[in-house]
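Reader: I am new to this structure and would like to understand the words used to describe it. Could we go through them together?

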Amino acid sequence: MKETKNLVIMGMMLLAGIQIYAQDDSYDRALQLFNEGDYKRATPYFQNLIQHYEKEPAYHYYLGRCYVHQNTEIKKAIALLSFAGAKGKFSDTYYYLGLAYMYNYQFKEAQTAFEKFPLFASRQDLRDINIDQYVSYTKNGKVHTSKPVNVNKVLNQHTNADINERLNAFITNGTFLPVPDDYQSFLWGDDKLIKPAFRTNGKLYYAAYNIRTRSHDIFEADESNRQSRLLSNTLVSDAEESFAWFDTQSNTLYFSSNGFNSMGGFDIFKSQYNPSANTWSVPVNLGFPINSPHDEVGFVHLPSSEKAMLITNRTTNSDEYVAFELSTSLNHLMSPGNYSIATMQTLASFNVNAAKSDKNKQSGAGTTKKNPITRQNTLNDELLYTALNYQLKADSFLRESEKKRARLKTIIPEQEKNSLYKQIEADEAQWKKYQRLADMNYNELHKSDDSHQSSSTSTSREKEIVTMRINPFHKSKNAPASEFRINNSDTYNDLSQIAVDPPLPDHLMYKIQLGVFSKPVEPSKFGGLSPITAEYLEQKKLTKYYCGRFVSYNDAYDALKKIKTHGFSDAYIISYYQGRKIPVSRARELEKSM
């Protein structure tokens with residue numbers, strides 16, 4: 001018996017030794033891959049180690065960093081690094097935790113993590129990481145994400161391999177090329193893919209090391225005499241500048257920088273050149289979602305076509321870049337406010353998957369004949385999309401004219417006033433033009449909706465009346481009542497409180513359509529209006545917002561008059577019966593017969 005017990009103990013000790021050896025071997029291999037920067041291959045090793053040793057902070061730390069470096073599983077990275085940070089084993093944990101929060105658009109939490117970093121950091125960490133810069137990123141991120149700019153949709157996307165080629169195919173006023181050897185003064189390694197030179201009209205614009213600032217700045221070279229100079233001190237931040245593109249038509253320089261008021265890593269900025277004064281304007285951040293907490297390293301914009309190409313690593317790891325072709329006017333579209341994390345992530349993604357889906361549908365070889373309803377829905381979506389595009393242009397010119405009128409109220413020279421009057425006149429002419437086009441398409445859309453619904457319901461009118469008589473909701477003891485109110489304060493604090501695609505009742509119902517938007521609307525825009533519901537159009541990535549539920553047209557009409565005085569001058573009444581939309585004229589007929 002004693003010998004058997006000893007054998008069992010020896011077996012357990014041998015098994016434990018094997019496990020420890022296997023653990024050490026896996027850990028060594030994982031660390032080797034991690035230190036080589038092969039985070040993708042290191043990840044499964046650390047995942048396996050955590051499964052067996054879930055309380056070991058080192059495994060949490062390294063797996064969390066693997067996720068951050070790969071820009072994947074960011075929520076898991078936050079949990080892992082939070083666990084490791086609480087154990088206090090690694091001096092730079094809070095730096096990487098701050099990055100994870102920042103990549104997840106949690107700027108407040110990121111700021112807290114970055115501010116904790118100096119409490120645990122080593123002297124070497126403090127020398128290597130400018131943590132004050134990252135704290136600034138979080139503050140700037142809060143500002144930029146509170147007022148997103150307009151990005152209509154993604155037209156295309158390209159990978160690292162063909163970015164330079166795509167850039168040159170995209171622009172018409174010059175050429176991107178590797179920085180010539182004569183100007184390669186302390187370039188960043190040999191990576192010229194995302195830091196090319198731009199040649200136009202005998203000038204070369206490029207980033208190179210500035211001995212005075214000890215950082216990379218934008219230089220201009222005259223190729224006729226091979227002389228180069230710092231483009232302007234105005235374009236020098238306390239960090240790095242790169243990737244310059246000069247739009248010769250608007251005298252605007254677009255470049256990337258991780259200084260100024262960047263919201264994380266490199267952001268895209270623009271500066272206006274004044275030829276008569278030979279000066280450059282203070283750089284302006286292009287805003288979110290053009291910029292993100294990741295690196296946006298290159299940008300070209302064609303205002304005449306409202307197209308742009310953006311080079312970023314937001315959807316890849318830090319060493320890989322994607323070029324997005326975008327449709328954007330660079331104007332602020334959404335109302336200022338604090339958006340949810342989900343909304344910010346959606347905006348930053350540009351709806352890339354939807355763009356891929358649309359492209360696949362367009363290139364498909366299917367020959368199936370569409371039914372009339374499908375064709376009608378497609379037509380309506382096209383009308384709606386066209387109307388929205390015209391509306392965005394109209395709003396853009398209106399904002400410009402309003403800015404210039406405000407400028408007139410300041411003390412400015414008479415000559416500048418005369419120039420502003422002319423510009424305002426031109427802006428307002430364009431505003432009226434595009435507003436008229438938008439209204440025409442909106443009207444066509446409403447007519448199309450009415451005619452389609454009328455034709456689809458006329459053949460079943462008798463059936464509807466019979467059904468109505470059998471189950472006349474207006475005679476029921478539990479008859480629904482109209483629901484509409486205007487509260488003294490904002491009704492909704494978060495987008496999640498607004499019901500999206502709620503089920504429609506069988507009985508006759510009216511709603512008031514407030515508008516159609518290409519991006520989610522900040523809840524505060526609705527003020528005290530209630531109830532608000534939304535309908536999401538998957539194909540076009542648009543959202544319709546509605547207010548109220550009414551059982552009579554008169555109730556809806558009374559509410560509509562009030563809603564129009566609350567900033568929704570284009571609102572109108574729509575109607576439903578038996579779970580589908582019907583023309584308002586048809587709904588009123590049904591209502592009278594009930």
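Reader: Which side chain makes a polar contact of 3.4 Å with the side chain of Lys404?

Author: That is Gln423. Before we go on, please keep in mind that this is a predicted model. Lys404 itself is found in helix H12, which covers residues 372–408.

Reader: What makes the pairing of Lys404 and Gln423 a polar contact?

Author: The limit for such a pair of N or O atoms is 3.5 Å, and the side chains of Lys404 and Gln423 come to 3.4 Å, so the term applies. A second polar contact, of 2.8 Å, joins the side chain of Lys404 to that of Asp427.

Reader: Which residues is Lys404 in contact with, leaving aside its neighbours within four places in sequence?

Author: They are Leu420, Gln423, Ile424 and Asp427.

Reader: How do you know whether Ser224 is buried or exposed?

Author: Exposed means over 50%, and Ser224 has a relative accessible area of 65%, so Ser224 is exposed. You will find Ser224 in the loop between strand E5 (215–222) and strand E6 (227–230). Its side chain is joined to that of Asp222 by a polar contact of 2.5 Å. Ser224 and Gly202 are 22 residues apart in sequence, with their C-alpha atoms 6.9 Å apart in space.

Reader: Where does Asp92 lie?

Author: Asp92 sits in the loop between helix H4 (74–87) and helix H5 (93–103).

Reader: And what makes Asp92 a buried residue?

Author: Its relative accessible area is 12%, and the cut-off is under 20%, so Asp92 counts as buried. Leaving aside neighbours within four places in sequence, Asp92 is in contact with Tyr61, Arg65, Phe117 and Asp125. With Tyr61 there is also a polar contact between side chains, at 2.7 Å. Asp92 and Phe120 are 28 residues apart in sequence, yet 7.2 Å apart in space from C-alpha to C-alpha.

Reader: How many aromatic pairs does a search of the whole structure find?

Author: The search finds 37 aromatic pairs.

Reader: What makes the pair of Phe114 and Tyr134 tilted?

Author: Stacked needs planes under 30 degrees apart and edge-to-face over 60, with the rest called tilted. For Phe114 and Tyr134 the angle is 45°, at 5.4 Å centre to centre, so the pair is tilted. Phe114 lies in helix H6 (residues 107–120) and Tyr134 in helix H8 (residues 131–145), so the pair ties together parts that are 20 residues apart in sequence. Both Phe114 and Tyr134 are buried.

Reader: Which residues do ring pairs link into a cluster?

Author: The cluster consists of Tyr27, Phe34, Tyr39, Phe46, Tyr53, Tyr59, Tyr61, Tyr62 and Phe90.

Reader: How do you know that the buried residues of H10 line one face of the helix?

Author: Helix H10 spans residues 341–349, and its buried residues are Thr343, Met344, Leu347 and Ala348. Seen down the axis of H10, they fall within an arc of 130°, so they line one face of the helix. These buried residues pack against H6 and H8. H10 is followed by Phe350, which has a positive phi, near 60°.

Reader: And what does the secondary structure of the protein chain come to?

Author: The chain has 16 helices and 22 strands. Of its 594 residues, 47% are buried.

Note on methods:
Residues numbered from 1 in each chain as written. Predicted model: local features only at pLDDT ≥ 70, side-chain atom pairs only at ≥ 80, totals over all residues. Heavy atoms only, no water. Phe/Tyr/Trp six-rings, centres within 6.5 Å; stacked < 30°, edge-to-face > 60°. Helix = DSSP H or I, 4+ residues; strand = E, 2+ residues; numbered from the N terminus. Buried < 20%, exposed > 50% of the residue type's maximum accessible area, 1.4 Å probe, protein only. Arc of directions from axis to C-beta. Contact = heavy atoms within 4.5 Å. Polar contact = N/O pair within 3.5 Å; in protein donor to acceptor, adjacent residues only side chain to side chain.
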